[in-house]
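Hi,

Here is the structure I promised to pass on.

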Amino acid sequence: MAISFFNNYEINLSENSDLNWNYVKDINALIAGKRGSGKSFLGLMMTKSIAGNFPYGQIFIVDFKRSDFYRLSALLPERRVASTKEEIFDLLEYYTKLMRQRIKFFETIPNSFGKTARDLKMPPFYLIYDEFGSFTSKLDTKEKKRHDSLIKDIVLLGRQFNFGLIAIMQQASVGNSGLDSLVKEQFGLVVHMGNATSSALRQTFGEDIEHQKFRFKNGQGQLRLDSLSYSNMTRPFTAKKLYPHLLWKDFETNFYDQNDEKALFDHELKEQ
Ligand SMILES: Nc1ncnc2c1ncn2[C@@H]1O[C@H](COP(=O)(O)OP(=O)(O)OP(=O)(O)O)[C@@H](O)[C@H]1O
Ligand SMILES: [Mg+2]
(Lines give C-alpha, C1' and ligand atoms only; values in the text may rest on other atoms or scores of the structure.)
(Ligands and ions follow the chains in the order given, each with its own letter.)
Protein backbone atom coordinates (compact mmCIF):
# COMPACT_ATOMS: atom_id res chain seq x y z
CA MET A 1 0.00 0.00 0.00
CA ALA A 2 1.49 3.32 -1.03
CA ILE A 3 1.15 6.14 1.44
CA SER A 4 1.45 9.21 -0.69
CA PHE A 5 1.03 11.74 2.09
CA PHE A 6 3.80 10.35 4.26
CA ASN A 7 6.06 13.31 4.88
CA ASN A 8 9.08 11.71 6.48
CA TYR A 9 8.25 13.10 9.93
CA GLU A 10 9.22 16.66 9.07
CA ILE A 11 7.79 19.99 10.09
CA ASN A 12 8.91 23.48 9.16
CA LEU A 13 9.56 25.50 12.29
CA SER A 14 10.17 28.82 10.63
CA GLU A 15 7.87 31.57 9.40
CA ASN A 16 10.03 32.83 6.56
CA SER A 17 12.47 30.14 5.52
CA ASP A 18 12.81 26.40 5.16
CA LEU A 19 13.87 25.09 8.50
CA ASN A 20 12.72 21.53 8.66
CA TRP A 21 12.84 19.55 11.85
CA ASN A 22 12.71 15.79 11.49
CA TYR A 23 11.21 15.05 14.87
CA VAL A 24 12.04 11.36 14.94
CA LYS A 25 15.57 11.68 13.57
CA ASP A 26 16.52 14.61 15.79
CA ILE A 27 14.19 13.29 18.44
CA ASN A 28 13.85 15.04 21.84
CA ALA A 29 13.73 18.81 21.94
CA LEU A 30 14.66 21.35 24.57
CA ILE A 31 13.07 24.81 24.46
CA ALA A 32 14.48 27.40 26.84
CA GLY A 33 13.87 31.12 27.25
CA LYS A 34 12.61 33.88 29.50
CA ARG A 35 8.98 34.50 30.42
CA GLY A 36 6.95 35.58 27.42
CA SER A 37 9.61 34.76 24.84
CA GLY A 38 7.42 32.35 22.87
CA LYS A 39 8.37 28.92 24.27
CA SER A 40 4.83 27.66 24.76
CA PHE A 41 3.67 28.98 21.40
CA LEU A 42 6.52 27.15 19.69
CA GLY A 43 5.61 24.04 21.67
CA LEU A 44 1.94 24.38 20.66
CA MET A 45 2.94 24.71 17.01
CA MET A 46 5.07 21.57 17.24
CA THR A 47 2.27 19.69 19.01
CA LYS A 48 -0.29 20.68 16.41
CA SER A 49 2.01 19.65 13.55
CA ILE A 50 3.23 16.37 15.02
CA ALA A 51 -0.38 15.34 15.72
CA GLY A 52 -1.52 16.29 12.22
CA ASN A 53 1.33 14.69 10.26
CA PHE A 54 0.88 11.20 8.91
CA PRO A 55 1.50 8.80 10.61
CA TYR A 56 -0.36 10.77 13.26
CA GLY A 57 1.73 11.66 16.29
CA GLN A 58 0.25 10.66 19.63
CA ILE A 59 0.35 13.55 22.10
CA PHE A 60 0.88 13.41 25.87
CA ILE A 61 1.07 16.60 27.92
CA VAL A 62 2.48 17.63 31.29
CA ASP A 63 1.41 21.13 32.25
CA PHE A 64 2.10 21.84 35.89
CA LYS A 65 0.98 25.46 35.60
CA ARG A 66 -2.31 24.63 33.89
CA SER A 67 -1.73 27.02 31.03
CA ASP A 68 -2.76 26.66 27.38
CA PHE A 69 -1.52 23.10 27.08
CA TYR A 70 -3.81 21.94 29.86
CA ARG A 71 -6.85 23.06 27.87
CA LEU A 72 -6.06 20.41 25.29
CA SER A 73 -7.28 17.78 27.75
CA ALA A 74 -10.76 18.57 26.40
CA LEU A 75 -9.70 17.17 23.02
CA LEU A 76 -7.43 14.28 24.03
CA PRO A 77 -8.31 10.81 25.36
CA GLU A 78 -8.03 10.03 29.07
CA ARG A 79 -4.59 9.75 30.66
CA ARG A 80 -3.00 12.09 28.13
CA VAL A 81 -2.79 15.33 30.15
CA ALA A 82 -1.39 15.79 33.66
CA SER A 83 -1.00 18.76 36.00
CA THR A 84 -0.92 17.61 39.64
CA LYS A 85 2.04 15.74 41.09
CA GLU A 86 0.12 12.44 41.20
CA GLU A 87 -1.14 12.87 37.65
CA ILE A 88 2.34 13.74 36.39
CA PHE A 89 3.93 10.62 37.88
CA ASP A 90 1.02 8.51 36.61
CA LEU A 91 1.42 9.91 33.14
CA LEU A 92 5.19 9.37 33.10
CA GLU A 93 4.72 5.77 34.27
CA TYR A 94 2.03 5.21 31.67
CA TYR A 95 4.12 6.73 28.87
CA THR A 96 7.12 4.55 29.68
CA LYS A 97 4.84 1.52 29.94
CA LEU A 98 3.55 2.16 26.42
CA MET A 99 7.13 2.61 25.25
CA ARG A 100 8.12 -0.78 26.66
CA GLN A 101 5.07 -2.38 25.04
CA ARG A 102 6.16 -1.00 21.69
CA ILE A 103 9.75 -2.21 22.22
CA LYS A 104 8.47 -5.71 22.96
CA PHE A 105 6.15 -5.67 19.99
CA PHE A 106 8.88 -4.34 17.69
CA GLU A 107 11.04 -7.35 18.48
CA THR A 108 8.28 -9.66 17.23
CA ILE A 109 7.91 -8.01 13.81
CA PRO A 110 9.49 -10.28 11.20
CA ASN A 111 12.46 -8.68 9.41
CA SER A 112 12.62 -5.80 11.86
CA PHE A 113 16.18 -6.64 12.90
CA GLY A 114 18.48 -3.67 12.45
CA LYS A 115 15.54 -1.35 11.76
CA THR A 116 13.98 1.48 13.73
CA ALA A 117 10.37 2.54 14.20
CA ARG A 118 11.16 5.29 11.70
CA ASP A 119 12.03 2.72 9.02
CA LEU A 120 8.72 0.98 9.68
CA LYS A 121 6.76 4.27 9.54
CA MET A 122 5.36 3.77 13.01
CA PRO A 123 3.36 6.65 14.54
CA PRO A 124 5.51 8.71 16.88
CA PHE A 125 4.55 9.24 20.52
CA TYR A 126 5.47 12.62 21.97
CA LEU A 127 5.46 13.92 25.51
CA ILE A 128 5.22 17.71 25.68
CA TYR A 129 6.44 18.86 29.05
CA ASP A 130 5.79 22.57 29.73
CA GLU A 131 7.45 24.36 32.69
CA PHE A 132 9.72 21.39 33.36
CA GLY A 133 11.87 23.25 35.88
CA SER A 134 8.96 24.69 37.87
CA PHE A 135 7.67 21.22 38.60
CA THR A 136 10.99 19.57 39.41
CA SER A 137 11.90 22.39 41.81
CA LYS A 138 8.90 21.34 43.93
CA LEU A 139 10.06 17.75 44.38
CA ASP A 140 11.92 16.30 47.35
CA THR A 141 15.09 14.28 46.78
CA LYS A 142 13.35 10.94 46.50
CA GLU A 143 10.68 12.23 44.13
CA LYS A 144 13.28 13.99 42.02
CA LYS A 145 15.20 10.74 41.69
CA ARG A 146 12.08 8.91 40.56
CA HIS A 147 11.28 11.69 38.11
CA ASP A 148 14.82 11.75 36.68
CA SER A 149 14.80 8.03 36.21
CA LEU A 150 11.53 8.10 34.23
CA ILE A 151 12.74 10.96 32.02
CA LYS A 152 16.05 9.18 31.49
CA ASP A 153 14.22 6.04 30.33
CA ILE A 154 12.25 8.07 27.81
CA VAL A 155 15.20 9.83 26.22
CA LEU A 156 17.57 6.86 26.29
CA LEU A 157 15.21 4.07 25.20
CA GLY A 158 12.67 6.03 23.19
CA ARG A 159 14.77 7.19 20.25
CA GLN A 160 14.77 3.97 18.24
CA PHE A 161 11.07 3.44 18.84
CA ASN A 162 9.72 6.92 18.03
CA PHE A 163 9.05 7.93 21.63
CA GLY A 164 10.09 11.54 22.18
CA LEU A 165 10.12 14.39 24.66
CA ILE A 166 9.81 18.15 24.25
CA ALA A 167 11.01 19.80 27.46
CA ILE A 168 10.09 23.48 27.87
CA MET A 169 11.81 25.44 30.63
CA GLN A 170 12.96 28.94 31.46
CA GLN A 171 16.51 27.94 32.35
CA ALA A 172 18.14 24.84 30.93
CA SER A 173 20.00 24.18 34.13
CA VAL A 174 21.47 20.88 35.20
CA GLY A 175 21.23 19.67 38.77
CA ASN A 176 18.78 19.63 41.62
CA SER A 177 15.80 21.41 40.11
CA GLY A 178 16.90 21.09 36.49
CA LEU A 179 17.81 18.42 34.00
CA ASP A 180 19.89 15.35 34.55
CA SER A 181 23.20 15.89 32.69
CA LEU A 182 22.82 12.64 30.76
CA VAL A 183 19.35 13.69 29.64
CA LYS A 184 20.63 17.07 28.52
CA GLU A 185 22.96 15.42 26.01
CA GLN A 186 20.08 13.64 24.31
CA PHE A 187 18.28 16.59 22.74
CA GLY A 188 18.48 16.51 18.94
CA LEU A 189 16.90 19.96 18.77
CA VAL A 190 17.89 22.70 21.19
CA VAL A 191 16.14 26.08 21.07
CA HIS A 192 16.56 29.28 23.02
CA MET A 193 13.73 31.77 22.49
CA GLY A 194 14.15 35.52 22.87
CA ASN A 195 17.02 37.54 24.27
CA ALA A 196 19.30 36.09 26.89
CA THR A 197 22.55 36.61 28.69
CA SER A 198 25.63 34.76 27.45
CA SER A 199 25.58 32.62 30.54
CA ALA A 200 21.95 31.57 29.94
CA LEU A 201 22.84 30.72 26.33
CA ARG A 202 25.88 28.72 27.42
CA GLN A 203 23.61 26.85 29.79
CA THR A 204 21.26 26.01 26.93
CA PHE A 205 23.73 25.17 24.17
CA GLY A 206 26.90 24.24 26.04
CA GLU A 207 30.29 25.89 26.14
CA ASP A 208 31.45 25.04 22.61
CA ILE A 209 28.60 26.52 20.61
CA GLU A 210 28.79 30.11 19.44
CA HIS A 211 25.46 31.88 19.83
CA GLN A 212 23.75 34.80 18.10
CA LYS A 213 23.70 38.25 19.60
CA PHE A 214 20.75 39.70 17.66
CA ARG A 215 17.89 41.53 19.34
CA PHE A 216 14.99 39.12 19.21
CA LYS A 217 11.27 39.81 19.39
CA ASN A 218 8.55 37.52 20.80
CA GLY A 219 8.50 34.33 18.80
CA GLN A 220 12.10 34.67 17.61
CA GLY A 221 15.16 32.87 18.84
CA GLN A 222 18.04 30.61 17.94
CA LEU A 223 18.42 26.90 17.63
CA ARG A 224 20.71 24.01 16.93
CA LEU A 225 19.72 20.79 15.17
CA ASP A 226 21.96 17.75 15.53
CA SER A 227 21.64 16.76 11.89
CA LEU A 228 22.58 20.28 10.73
CA SER A 229 25.50 20.63 13.04
CA TYR A 230 28.05 21.33 10.33
CA SER A 231 28.91 24.51 12.15
CA ASN A 232 29.36 25.31 15.80
CA MET A 233 26.98 28.27 15.56
CA THR A 234 23.33 28.48 16.44
CA ARG A 235 20.86 29.50 13.77
CA PRO A 236 18.52 32.48 14.27
CA PHE A 237 14.89 31.96 13.28
CA THR A 238 11.39 33.36 13.51
CA ALA A 239 8.92 30.74 14.72
CA LYS A 240 5.93 30.01 12.56
CA LYS A 241 3.18 32.45 13.46
CA LEU A 242 0.23 31.11 15.38
CA TYR A 243 -3.22 32.69 15.25
CA PRO A 244 -4.83 31.94 18.61
CA HIS A 245 -8.39 32.27 17.27
CA LEU A 246 -7.69 29.54 14.67
CA LEU A 247 -5.67 27.28 16.90
CA TRP A 248 -8.48 25.43 18.63
CA LYS A 249 -10.05 24.41 15.32
CA ASP A 250 -6.65 23.17 14.13
CA PHE A 251 -6.27 21.06 17.24
CA GLU A 252 -9.78 19.65 16.83
CA THR A 253 -8.88 18.59 13.31
CA ASN A 254 -5.40 17.29 14.03
CA PHE A 255 -6.34 15.34 17.14
CA TYR A 256 -8.93 13.18 15.44
CA ASP A 257 -6.77 10.06 15.47
CA GLN A 258 -5.41 9.87 19.02
CA ASN A 259 -5.54 6.24 20.07
CA ASP A 260 -2.85 4.48 22.12
CA GLU A 261 -3.71 0.91 21.19
CA LYS A 262 -4.05 1.53 17.50
CA ALA A 263 -0.95 3.70 17.15
CA LEU A 264 1.32 1.59 19.29
CA PHE A 265 1.35 -1.39 16.95
CA ASP A 266 0.80 0.32 13.62
CA HIS A 267 3.57 -0.19 11.07
CA GLU A 268 4.33 -0.64 7.43
CA LEU A 269 7.19 -2.98 6.81
CA LYS A 270 8.65 -2.46 3.40
CA GLU A 271 10.01 -5.58 1.72
CA GLN A 272 13.60 -5.02 0.70
N1 LIG B 1 4.82 31.91 17.19
C2 LIG B 1 4.06 32.90 17.67
N3 LIG B 1 2.99 33.34 16.97
C4 LIG B 1 2.21 34.31 17.43
N5 LIG B 1 2.40 34.94 18.63
C6 LIG B 1 3.45 34.56 19.37
C7 LIG B 1 4.33 33.52 18.94
N8 LIG B 1 5.27 33.35 19.89
C9 LIG B 1 4.99 34.23 20.87
N10 LIG B 1 3.91 34.97 20.59
C11 LIG B 1 3.31 36.02 21.46
O12 LIG B 1 4.08 36.14 22.65
C13 LIG B 1 3.31 35.80 23.82
C14 LIG B 1 4.14 34.95 24.77
O15 LIG B 1 4.42 33.70 24.20
P16 LIG B 1 4.44 32.36 25.07
O17 LIG B 1 3.26 32.27 25.95
O18 LIG B 1 4.67 31.25 24.12
O19 LIG B 1 5.73 32.61 25.95
P20 LIG B 1 6.45 31.68 27.03
O21 LIG B 1 7.89 31.75 26.75
O22 LIG B 1 5.80 30.34 27.06
O23 LIG B 1 6.15 32.47 28.38
P24 LIG B 1 5.87 31.95 29.87
O25 LIG B 1 7.21 31.76 30.49
O26 LIG B 1 5.11 33.08 30.46
O27 LIG B 1 5.10 30.66 29.80
C28 LIG B 1 2.09 35.05 23.28
O29 LIG B 1 0.97 35.22 24.10
C30 LIG B 1 1.90 35.65 21.90
O31 LIG B 1 1.15 36.82 21.99
MG1 LIG C 1 4.81 29.24 28.54
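Gly38, Lys39, Ser40, Phe41 and Gly219 come nearest among the 14 residues around the ligand. Helix H1 (residues 39–52) gives the largest share of that shell, with three residues. Do keep in mind that this is a predicted model.

Now the overall fold. The protein has nine helices and ten strands. Its radius of gyration is 18 Å, close to the 19 Å that the globule rule gives for 272 residues, so the protein is as compact as a globular protein of that length. The C-alpha trace spans about 50 × 45 × 40 Å along the principal axes. Of the 272 residues, 40% count as buried. As for contacts with a separation of 6 or more, 74% are between residues 24 or more positions apart.

One residue I looked at is Phe132, which sits in helix H4 (residues 132–136). Is Phe132 buried or exposed? It has 26 other C-beta atoms within 10 Å, and 20 or more is the cut-off for buried, so Phe132 is buried. Leaving out residues up to four places away in sequence, Phe132 touches Ala167, Ile168 and Met169. Leu247, by contrast, is 115 residues from Phe132 in sequence and 23 Å from it in space, C-alpha to C-alpha.

Cheers

Terms used: Residues numbered from 1 in each chain as written. Chains lettered and ligands numbered in written order. Predicted model: local features only at pLDDT ≥ 70, side-chain atom pairs only at ≥ 80, totals over all residues. Helix = DSSP H or I, 4+ residues; strand = E, 2+ residues; numbered from the N terminus. Rg over C-alpha atoms; globule rule 2.2 N^0.38 Å. Buried ≥ 20, exposed ≤ 12 C-beta atoms within 10 Å, placed from the backbone. Contact = placed C-beta atoms within 7 Å. Near = placed C-beta within 6 Å.
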